Amino acid sequence: MNTMTANHIIQLKQTALAMRRNIIRLALHGGNNGVHIGPALSIVEILACLYGEVLRRDAGTPPVIRDKFILSKGHGALGYYVALHEAGMISLETLNTYEKNGGDFPGQPVKNAAAGIEFSSGTLGLGLAFGAGLALGARKLDRDTRVYVLLGDGELNEGSVWESVMFAAHAKLTNLVAIVDRNGLQSDGCTRDVLALDIEAMWRGFGWEVAVCDGHDLEQLLEALQAGPGGKPRVVVANTIKGKGVSFMEGNNAWHHNRLTAEQHLRAVAELDAWAALES
Amino acid sequence: MNYSKQDIRMWSMLGSRGTFGVALTDAARLNQGILALSADLCNTSGLDRFRSAYPTRFINAGIAEQNMLGVAAGLAATGFVPFATTFANFAALRACEQVRHYLGYMQENVKLVGFGAGFAMGMFGVTHFALEDVAALRSISNLTIISPADGMEIVKATNAMAVTCGPVYLRLAGVANAPIVYTEDYDFTIGKAVSLREGKDVAIIATGSMVHPSLKAAELLASHGIGAAVADMHTIKPLDGAAVERFMNHQLLVTVEEHSVMGGLGTAIAEHIAPLRNFPPLLRLGVAPGYPHVGDYPYMLEVCGLTAPKIADRIRLALA
């Protein structure tokens, strides 16, 4: 790894840590209702890489991001909002309106041009079709735009996803990149118990290029996400841990959507502090 | 705009699908942003003309209506004006959540076109009838619903949709050799009903394929000394409430639609007049609940009471 890349990785690690701190802080906003914490923590590195390095920007204030990002797994909203904050798209004050009654940043994202949110999500299985439309539209206009769509592995249960997978391969949307957050858990338990899928074989069989990486390893993620377009659309299957970064949440589906107590909050913060000390 | 008699005859001969295909191809000449999407129904939906004229602007999404709407939404977000087309039942029912999400909630500028609405699919049977499409889509916010009465109105609606920003569902009913309602140019505005006939006793508000038989029914009623006004409610949503309220002094208000009596035009008007004082009773004519035994198009209209003589008879019965 050269020095420049090493510096970028250090920067991205700090970004990821800042994102996790904000996720844990904002999780308290859910109060007794709780929030989606686990699915936000599993995508932190993916989003840190996308907003920190991968998505290309055009000049402007606030920055105009030329490439498109679609969060199809809308329950990752908290991870998304904190990434948008780190990217300078939304202020801390705005971020702090997360899950406030009547606010613009509820538990699932709502399209918001000012905040750089291209797509409303929540219902699973709708993001890849929209991303395919964006990719096709960009190609028709001869625009150099790449479209990244982040899906959950549980989300792949939805048949509509596979309609889009077929379409993108048929239309040769080489400017489209799907990312699967393979954390192995969905609402009712392990993905292998609920509806087992051979994810790589399925995408490959549907005509996509498939890359697999550790979804918390920044170097692996950057390599997978920045690979130049080939002759097919590309899927990056990112192996992740639901609840990553907080020991009592990791791999524990109770934290798919849960209420964070004050005591648990302090423990989580202490763990992130320890992690920060180790990294520095 | 001057439409020739030949145009009007051609639209009638082509029916709603063919006419839409001609209209969209013409509109695409002026508006480079227009794209057409089909869910493997290009050849049966009158879009072959469009595909021949603009092969790079036609997208076949395959038999996958849900994805088609998402792709259309992404294209709309990029600045295109996509017309996503399929049979009305698939548009409204198979892809219902997609309509809510991309067109209603996100308000992407997608024009959804439902072919073969009502009983147009005849012997294809109940699976291909669209008798619930308006009911399913009318409660989706931000969506305009247009149901043209004949070929000229399809042309006008297509042009109006193309230049109006916002999601629209265009409901196309009827079959080839369709009756002609409009023989000369008139003012078409989305959301404004067209008054076609005055009459002091009964007011018939019809939409789509039922406008023509309603006019014929009014003639039959006249022969019995009953004056029937007829209005073409081509836009079901947003409803032209003022056009409905014009009829508050009539003895009877009647709605006629080739759609279930639940949730369509009749229901929309019932909702509108419910809080108003001193309104005449409302007779809603349409398709009664149930799945009828299948027949060809004229047969289906006959057994469901949606022909001019049956409409007139039911109105006379209600007045008696």
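**Two chains, question by question**

Biologist: Does H11(A) lie largely in the open or largely enclosed, and how many of its 18 residues are buried?
Modeller: This is a predicted model. H11(A) lies largely in the open, because of its 18 residues the number buried is 1.

Biologist: What distance does helix H11 of chain A reach from its first C-alpha to its last?
Modeller: The helix covers residues 262–279. At 1.5 Å a residue, the expected span is 26 Å. The model comes close to that, and the reach is 26 Å.

Biologist: Is strand E4 of chain B largely enclosed or largely in the open?
Modeller: E4(B) takes in residues 111–117. Of its 7 residues, 7 are buried, so the rest of the structure leaves it largely enclosed.

Biologist: Which strands pair with E4(B), and in what sense?
Modeller: Strand E3 of chain B, residues 81–87, joins E4(B) over 5 bridges in the parallel sense. Strand E6 of chain B, residues 168–173, also runs parallel to E4(B), with 5 bridges. The partners are E3(B) and E6(B), both parallel.

Biologist: Which residue in E6(B) stands opposite Val113(B)?
Modeller: E4(B) and E6(B) are joined by 5 bridges. Opposite Val113(B) stands Leu170(B).

Biologist: How far apart are the C-alpha centres of the two domains of chain B?
Modeller: The domain assignment gives domain 1 as 5–173 and domain 2 as 194–319. Their C-alpha centres are separated by 25 Å.

Biologist: How many residues of domain 1 of chain B are in contact with domain 2, and how do they divide by type?
Modeller: On the domain 1 side, 24 residues contact 25 residues of domain 2 of chain B. Elements giving two or more residues to that side are H6 (133–138), E5 (144–146), H7 (151–163) and E6 of chain B. The 24 residues divide into 14 nonpolar, 5 polar and 5 charged.

Biologist: Is Gly125(A) buried or exposed?
Modeller: Gly125(A) sits in the loop between helix H5 (92–95) and helix H6 (127–140) of chain A. The cut-off for burial is 20 or more other C-beta atoms within 10 Å. Gly125(A) has 25, so the residue is buried.

Biologist: Which residues does Gly125(A) contact, leaving aside neighbours within four places in sequence?
Modeller: Ala270(A) lies 36 Å away, C-alpha to C-alpha, and 145 residues along the sequence. The contacts of Gly125(A) are Glu155(A), Glu158(A), Ser160(A) and Val161(A).

Terms used. Residues numbered from 1 in each chain as written. Chains lettered and ligands numbered in written order. Predicted model: local features only at pLDDT ≥ 70, side-chain atom pairs only at ≥ 80, totals over all residues. Helix = DSSP H or I, 4+ residues; strand = E, 2+ residues; numbered from the N terminus. Expected span 1.5 Å × (residues − 1). Buried ≥ 20, exposed ≤ 12 C-beta atoms within 10 Å, placed from the backbone. Pairing = 2+ DSSP bridges. Domains from an automatic or database assignment. Contact = placed C-beta atoms within 7 Å. Nonpolar A, V, L, I, M, F, W, Y, C, P; charged D, E, K, R; others polar.
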